[in-house]
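Please read this briefing alongside the sequence and the model.

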Amino acid sequence: MEHALRAAMHNGQLQLHYQPQVLSSQPERLHGVEALARWKHPEWGYVSPLRFIAVAEDAGMIQEFTSWVMESACRQLAAWRADHVEVPQVAINLSTKNFHEPQFAQSVADVLRRHGLTAKDLVLEITESVMLDASPATLANLDALHRLGLQLSLDDFGTGYSSLSYLHRLPISELKLDKSFVQDLSNSVAAEALIRSVLGIARSLHMKVVGEGVETAEQRQWLQLQGCPVLQGYLFCRPLAPEALVTWLRGGHAQPPLAAPAAPATAYDPGI
């Protein structure tokens with residue numbers, strides 16, 4: 001699989017699909033999209049991101065893989081802009097290992113410059129493991145990305161080793177509420193209390209919150225009433241290939257068919 005994945009990055013087998021994020025107060029308005037990798041192997045069919053991202057991590061390919069994701073996403077966003085397709089920003093998932101590369105922040109700036117984009121066009125999603133990594137390279141990259149004006153989003157907030165002290169010290173501008181909390185809303189008072197707490201913390205720290213995994217009208221209504229500003233999930237749209245997303249944005253079906261099988265989320269999911 002390692003050999004096949006290396007080949008896939010160069011022969012067009014890997015593709016990015018994009019899942020819309022909408023404004024809670026105006027669900028017809030797009031906040032941005034999240035870039036998610038899909039791999040269709042000629043013999044194996046669709047390969048789960050759970051498998052091939054783990055391979056990329058274990059085989060030391062994650063820098064190359066992330067570079068491919070970032071280059072592809074920025075190229076696509078620039079193409080949408082050239083075609084007057086209004087996509088405000090694109091979010092990309094990162095691995096903790098990306099921050100161990102001393103020149104990582106500079107490489108992000110270089111990709112943006114190559115495609116005529118600015119820092120506000122890109123959101124970098126990190127996990128709590130990045131917050132816990134006190135290595136000099138990680139801290140230097142976080143600081144450099146912040147000085148470049150990049151938005152940092154903390155993914156799956158509340159499921160790991162969350163610490164308010166990290167939110168205070170690190171340049172986080174967005175929290176992504178883990179979908180497990182959203183999916184438990186109908187049968188868990190604790191889930192409701194936790195979400196209210198996260199929203200209160202975010203408001204106090206002037207951070208946005210994205211509610212992931214919204215699948216029912218009841219979940220959407222509850223999150224709207226609690227003031228969650230951005231929503232994402234199958235209720236609005238599944239991850240779509242670029243051309244299908246354009247059709248959706250221009251008034252196509254509200255629930256287009258899923259082009260690739262969905263996979264459960266992991267701690268690191270640029271391909272999920």
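The points below are grouped by topic, after a short note on conventions.

This is a predicted model, in which local features need pLDDT of at least 70 and side-chain atom pairs count only at pLDDT 80 or more, while totals for chains, interfaces and linings use all residues. Residues are numbered from 1 along each chain as its sequence is written, and side-chain values use heavy atoms, with hydrogens and water left out.

**Overall fold**
- The protein has eleven helices and nine strands, taken as DSSP runs numbered from the N terminus (helices H or I, at least four residues; strands E, at least two).
- For 272 residues a compact globule would have a radius of gyration near 19 Å, and the 18 Å of the protein agrees with this; the radius is taken over C-alpha atoms, and the globule rule is 2.2 Å times the number of residues to the power 0.38.
- Buried residues, meaning those under 20% relative accessible area with a 1.4 Å probe and protein chains only, make up 52% of the 272 residues.

- Leaving aside neighbours within four places in sequence, Leu 175 is in contact (heavy atoms within 4.5 Å) with residues including Leu 154, Phe 157, Val 198 and Lys 208.

**Helix α3**
- The 21 residues of α3 should span 30 Å, and its end C-alpha atoms are 30 Å apart, which agrees; the expected span is 1.5 Å times one less than the number of residues.
- Just after α3, His 84 takes a positive phi of about 60 degrees.

**Aromatic pairs**
- The structure holds six aromatic pairs, defined as rings of Phe, Tyr and Trp (its six-membered ring) with centres within 6.5 Å, where planes under 30 degrees apart count as stacked, over 60 as edge-to-face and the rest as tilted.
- Tyr 18 and Trp 80 form an edge-to-face pair, at 5.0 Å centre to centre and with 70 degrees between the planes.
- Because Tyr 18 lies in strand β1 (residues 14–23) and Trp 80 in helix α3 (residues 62–82), this pair ties together parts that are 62 residues apart in sequence.
- Tyr 18 and Trp 80 are both buried.
- The ring centres of Phe 99 and Phe 104 are 5.5 Å apart with planes at 55 degrees, so this pair is tilted, and both residues are buried.

Notes. Buried means under 20% relative accessible area, exposed over 50%, partly exposed in between (1.4 Å probe, protein chains only).
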